[in-house]
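Let's take a friendly walk through a protein model, one piece at a time. Have the sequence and the 3D view ready as you read.

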Amino acid sequence: MRQNVLRPGLLVDINDLPLNRVEDLPEGGLRIGALARMSDVAQAAGVVQRFPVISQALLLGASAQLRNMASMGGNLCQRVRCSYFRDATSPCNKRDPGSGCAALDGFNRGHAILGTSDKCIATHPSDVAVALVAMDAVVHTRGPADDRAIPIEEFFLLPGDTPEREHPLEHGELIVAIEVPATPTARLSIYLKFRDRESYEFALVSVAAAVRIQDGAIADVRLALGGVGTKPWRARRAEASLVGKLAGEASFAEAAGQELAAAKPRPLNAFKVELAQRAIIRALMTLTNGDTR
Amino acid sequence: MQITMTVNGVSHTRDVEARLLLIHFLRDELRLTGSHWGCDTSNCGACVVWLDETPVKSCTVLAAMADGRRVRTVEDLARGGRLDPVQQGFAECHGLQCGFCTPGMMMTARWLLDHHPDPSVAEIREALSGQLCRCTGYENIVRSVRWASEHEAAQPAGGDGGTGRQAGER
Ligand SMILES: Cc1cc2nc3c(=O)[nH]c(=O)nc-3n(C[C@H](O)[C@H](O)[C@H](O)COP(=O)(O)OP(=O)(O)OC[C@H]3O[C@@H](n4cnc5c(N)ncnc54)[C@H](O)[C@@H]3O)c2cc1C
Ligand code: SF4
Ligand code: FES
Ligand code: FES
């Protein structure tokens, strides 16, 4: 707004709504109010103990002074960091539908390699959304007409021909809470973030991973990627390839390769293909104690 | 709209535009120009103040959102004519050059030391990482915070930068 990218006619401050609680659900899940601050969610005991991946993703995002104010609902709905979107004078289909995409042949080192279209290649910037996608969270909304429960993977839309539409919220519809279902797999979970500097930077690649091993074989695995997709990217192909396999570098590399086979890199961001594969392997190796670094 | 907030222990009531940011309220309405406004993108951190007990970027807060709450700015660090140890640390260790980032750095540093009296260099760097300095290269800022930490450990009574005292007590 301050840079003239968006000019809303009306702003409503929703901060006084009673939506800031972080509750443990009886079966072991979480209900996170849309206005809960990122810093409060990151520290909540139920999150730290049962969903470490969510806590870690929050703490690796933005900086403490921002997390103390920023809300969970706002984090999911934050706009892309594509510099052409934010520079109100460049062509950008997301900002001005039909005007073109300056990033396609521009400086696109930070842009997406998965889920792209010829209309938009911007990455979704959120870290915690990646963890929530891995955990099958559900976004609860309230609109003028009714309440909805939207599985988080459906909450984020691929750009396709309509990059201006990023989520299915209707006019007047608010996120009220994010629910995370109980899963034993979440206890052994991790969020790794790779970026140009050690702190206070968006991800070039990030991985949310969780795994449950039974008798040496992978019984359940969750993998999602940040920094590479036009939406927080659930790595379903890699997951499918891993279930039932023996945990180890070979099966991890095979799975990572399968996920990234669909990548459509551009010259400046081609490095992300290998970086993402290595990040997946490192996350899984760390979780299964094959290697901690 | 009318809002009332307690800034550095003093209650202020003003009629403000709903869209006014806290940083501009502090600087333009209250003339507390210690907090700086350095960017349009919530990147720089020169505007960091405490909202109640928590450091926030005051450019991410509407003045109206601080209605009924307490704000602490860099002007409240020195008390009774004595500099806060964090301020002394910055003076001793050359923690500033142009000084633009300094108020935000100090407010975060004060909060850090109140909660972690003996932070490691890595912890200091992580805590300050939401704030940018164009001059110092950060090295001397980190040293300044360590100086304050060591000074407060040696002289606990003189090291009370805020938590032990009521806001506004001088
Ligand atoms: C310098 C900087 C660095 C950052 N780095 C990171 C990072 O590394 N990782 C990361 O994940 N994030 C990062 N962020 C984003 C930050 O974490 C916040 O999530 C983001 O700024 C939005 O927070 P907010 O609560 O203030 O939302 P707002 O700015 O208030 O809202 C954002 C959007 O969401 C809408 N919205 C808010 N709440 C709701 C709701 N309940 N229902 C429906 N719509 C809603 C608003 O209308 C608006 O369109 C960074 C931000 C900055 C400024
Ligand atoms: S990548 Fe998307 S956001 Fe960036 S310029 Fe292209 S259309 Fe706009
Ligand atoms: S003025 Fe730059 S972060 Fe607030
Ligand atoms: S001293 Fe100049 S910006 Fe930090």
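Below is a short report on a sheet in chain A and on the domains of chain B.

## Before you start

Keep in mind that this is a predicted model.

## A sheet in chain A

Start with chain A, where you can find an open sheet of five strands. Going across the sheet, the strands come in the order S1-S2-S5-S3-S4, and their pairing is antiparallel. Which strands sit at the edges? They are strand S1 (22-24) and strand S4 (147-151) of chain A, each of which pairs on one side only. On average, neighbouring strands of this sheet are turned by 20° against each other, with direction ignored.

In general, strands of a sheet pair through backbone hydrogen bonds, and the pairing is either parallel or antiparallel. For a close look at one pair, find S1(A) and strand S2 (residues 30-33) of chain A: they are joined in the antiparallel sense over three bridges. Within that pair, A:Asp24 has A:Leu30 in S2(A) as its bridge partner.

## Two domains in chain B

Now turn to chain B. Its domain assignment gives domain 1 (2-74) and domain 2 (85-154). How far apart do the C-alpha centres of these two domains of chain B lie? The distance is 22 Å.

## Where the domains touch

Domain 1 of chain B brings 14 residues to the contact, and domain 2 of chain B brings eleven residues. On the domain 1 side, the largest share is three residues, and these come from strand S3 (residues 48-51) of chain B. Sorted by class, this side of domain 1 of chain B has eight nonpolar, six polar and no charged residues.

Definitions and conventions: Residues are numbered from 1 along each chain as its sequence is written. Chains are lettered from A and ligands numbered from 1 in the order in which they are written. This is a predicted model: local features need pLDDT of at least 70, side-chain atom pairs count only at pLDDT 80 or more; totals for chains, interfaces and linings use all residues. Two strands pair if DSSP finds at least two bridges between them. Helices (H or I, at least four residues) and strands (E, at least two) are DSSP runs, numbered from the N terminus. Axes are lines fitted to C-alpha atoms, for helices over the stretch in contact, and angles run from 0 to 180 degrees between N-to-C directions. Domain bounds come from an automatic or database domain assignment. Two residues are in contact if their C-beta atoms, placed from the backbone, lie within 7 Å. Ala, Val, Leu, Ile, Met, Phe, Trp, Tyr, Cys and Pro count as nonpolar, Asp, Glu, Lys and Arg as charged, and the others, Gly among them, as polar.
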